[in-house]
Amino acid sequence: MFEYFYNEIFRKTIIGFGTLFNDITVKQEDSTIKVPLAYGPTQKFLARLEESPDLNKRTSLTLPRMSFEFTGLQYDSSRKVTTTQQFTVKDKTTGKNTNKAYMPVPYSMQFELSIMTKLNDNALQIVEQILPYFQPQYNLTVNYFHQ
Amino acid sequence: MVLNPYFQQGSKSEQNLVQSLINEQLKIYGVDVHFMPRKYVSSDSVLREVSASSFEDAYPIEAYIDNFDGYGDNPTLLSKFGIEQTNEVTLIISKERFENYISPLMKNESNIKLSTRLKEGDLIYFPFGDRLFEIKYVEHEKPFYMLKNTYVYELRCELFRYEDEVIDTGVDEIDDTLEASEGVDGEDYVIGVTQKLTLVGNAEQASAVTTQVHGGIQFVTVTNRGNGYTHAPRVAISSAPAGGVTGIATAYLLGGIVVCAGSAQPNSNKSVVQEVNLVNPGSGYTTGPDMQFYGGGGTGLAVTSYMANGTIGIVTVTGGGSGYTTSPNITFTGLSTVSAAATAVVSTAGTISAIHITNAGAGYTTPPTISIAAPTGTSSGTFAFNEIVTGGTSGATARVRTWNSVTNEIEISNVDGTFSREETLTGSTSGASRVVRLIDLTNYDDGFGDNDVFETEGDDILDFSEGNPFGTP
């Protein structure tokens, strides 16, 4: 019944989420820091290899840092339409053919964004750069399929 | 009086003896560490925090390592913020030695706040492992009033969490803690966030030669810029008559502005054609040849080409030079009725990769001499680690973390201001002076941040221009 397919939908959504926060900077007395951002879960051996290549880590951890994580999935019945409904769009490559698709199944992905700073002021700067864009939602178009 | 008056519970001489014995023991069994007092550069009185600190002094002093059996069982934690090193160390330092030797030296230093004792927030450079520890707590009553006095400070220290503090003590073994070391795949491993600039290595003037032909395409004028181009269309030119050479041309796009003819829009990825330049004017034409355009995703482009006798031929770059940040002026010297004009194409490596002809001139009887302007600014010298570099135009300052004289890349931290291309970067102590060629906007850090990965991967799948025409929910 189930055949193999994989369109990297979750991966692309993770990238989309990360892109929103990858260009945040904090300014201090005499320096400007672009806040490093990474996807939280990682393999420990890889993190150890990249962050302490000579085993001898001279400082604890550098700050500020941001990290985010895909924490859960929830079925969203309020967005669900009947499974028999279809929609048709023009094929962008040829401009002539049309592609037909059934309605997708609506799930909400939950993300958690964490911020770690040394100073209160840095955290406030970061949060202030993020919150105004979410009123309460921010819309972003992600092309899940090749066009 | 309730104490036995026939015994002295700690006379001054007894106290001095104990202190001397402790000092001696510390000198025998201790290790040499460096005490680095924090300088409070600026602070926020509302949020009650020190927003900028520097560590500019280092005083060597002997300390006994209380946790002689190591840092503990779990010195490395993997959290959502990456690898965190949680080493802790407890050090014992003689009170008398500190007060007699370090306090007087610190007393007249600015921004120290308090020179009479060791303070929480100060750093200890620990030579084993080249580590920086931050003093988290100073215990001054342990052992508890032996002979009615205290003799040592017990310092409970944790590995320092670095942000952008200036560490410039003048002691190489300390300052180089922030110097780059070899990381994964031979890349530099640098502690903290840095920015990379590519500077001009050796500035060399480029050179080129050309020929003189009859019946070449003199120039091409765009009569309709067309619209909707996402990339430059290919140019096809009518073949030259027998014995001639067919010309070659290339189109340049113009985007991001509104033009009268065409549909280039601000913030749109669609463009119009700005101009069509000649790569080779060809030869043997009797009139301006027809031109057709293919690809590019747009439509409507129309041009007219003109033929002339005694034009220049193909321009060959004989020496690409180096150190170019912008397209240099090109001048043609020779007898003609219409002088030739051309534009140089600067490669990402800073060399002249090609010369595109905007006007092939007319009336030349011999090939003109081409001179390409030399790169602007002078570039020489070697930048020193931790020195302050200043941008000549922007006035921005930063500290040098690494300088690679092979790739001409400089990694800088504590960036104050915004550096701009083509300005001269000057080192404060080395006197090195080089022109900024490229500015890398991605940040480099100690193996954690993936900002540039998200940026590049996001470019392939995200469409910020698309929106629902019926409104957003």
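**View 1. Three strands of chain A line up as an open sheet in the order 3-4-7, with mixed pairing.** Strands here are DSSP runs of E with at least two residues, helices are runs of H or I with at least four, both numbered from the N terminus, and two strands pair if DSSP finds at least two bridges between them. Strand 3 (37-39) and strand 7 (107-116) are the edges, each with a single partner strand, so one side of each has no neighbour in the sheet. From one strand to the next, the twist averages 30°, taking axes as lines fitted to C-alpha atoms and angles from 0 to 180 degrees between N-to-C directions. Strand 3 runs parallel to strand 4 (residues 65-75) of chain A over three bridges, and Ala38(A) sits opposite Ser67(A) of strand 4.

A quick word on the model: it is predicted, so local features need pLDDT of at least 70 and side-chain atom pairs count only at pLDDT 80 or more, while totals for chains, interfaces and linings use all residues. Residues are numbered from 1 along each chain as its sequence is written, chains are lettered from A and ligands numbered from 1 in the order in which they are written, and side-chain values use heavy atoms, leaving out hydrogens and water.

**View 2. A nonpolar patch sits on the surface of chain A.** Patch residues have over 30% relative accessible area and no salt bridge; nonpolar side chains (Val, Leu, Ile, Met, Phe, Trp, Tyr) are joined within 5 Å, like charges within 9 Å. Helix 1 (9-20) and strand 4 of chain A each supply at least two of the residues. Val105(A) comes from the loop between strand 6 (98-102) and strand 7 of chain A and counts as exposed at 52% relative accessibility (exposed is over 50%, buried under 20%, partly exposed in between; 1.4 Å probe, protein chains only).

**View 3. Lys80(B) and Glu112(A) make a salt bridge, their closest N and O atoms 3.1 Å apart.** A salt bridge is a side-chain nitrogen of Lys or Arg within 4 Å of a carboxyl oxygen of Asp or Glu. This pair crosses between chains: Lys80(B) is in the loop between strand 5 (76-79) and strand 6 (82-85) of chain B, and Glu112(A) is in strand 7 of chain A. Lys80(B) is partly exposed at 30% relative accessibility, and Glu112(A) is partly exposed at 36%. Over all chains, the count comes to 22 salt bridges.

**View 4. Strand 9 (residues 131-139) of chain B is mostly covered, with seven of its nine residues buried.** Strand 8 (residues 123-126) of chain B pairs with strand 9 in the antiparallel sense over four bridges, and Tyr125(B) stands opposite Leu132(B). These two strands form a hairpin with four residues between them, where Gly129(B) in the turn has a positive phi of about 90°. Strand 9 also runs antiparallel to strand 10 (residues 152-159) of chain B, joined by six bridges.

**View 5. Lys119(B) and Asp122(B) meet in a salt bridge at 3.2 Å, N to O.** Lys119(B) is buried, at 6% relative accessible area, and Asp122(B) is buried too, at 0%.

Technical notes:
Accessible areas come from the Shrake-Rupley method with a 1.4 Å probe; for residues, only the protein chains shown count as cover.
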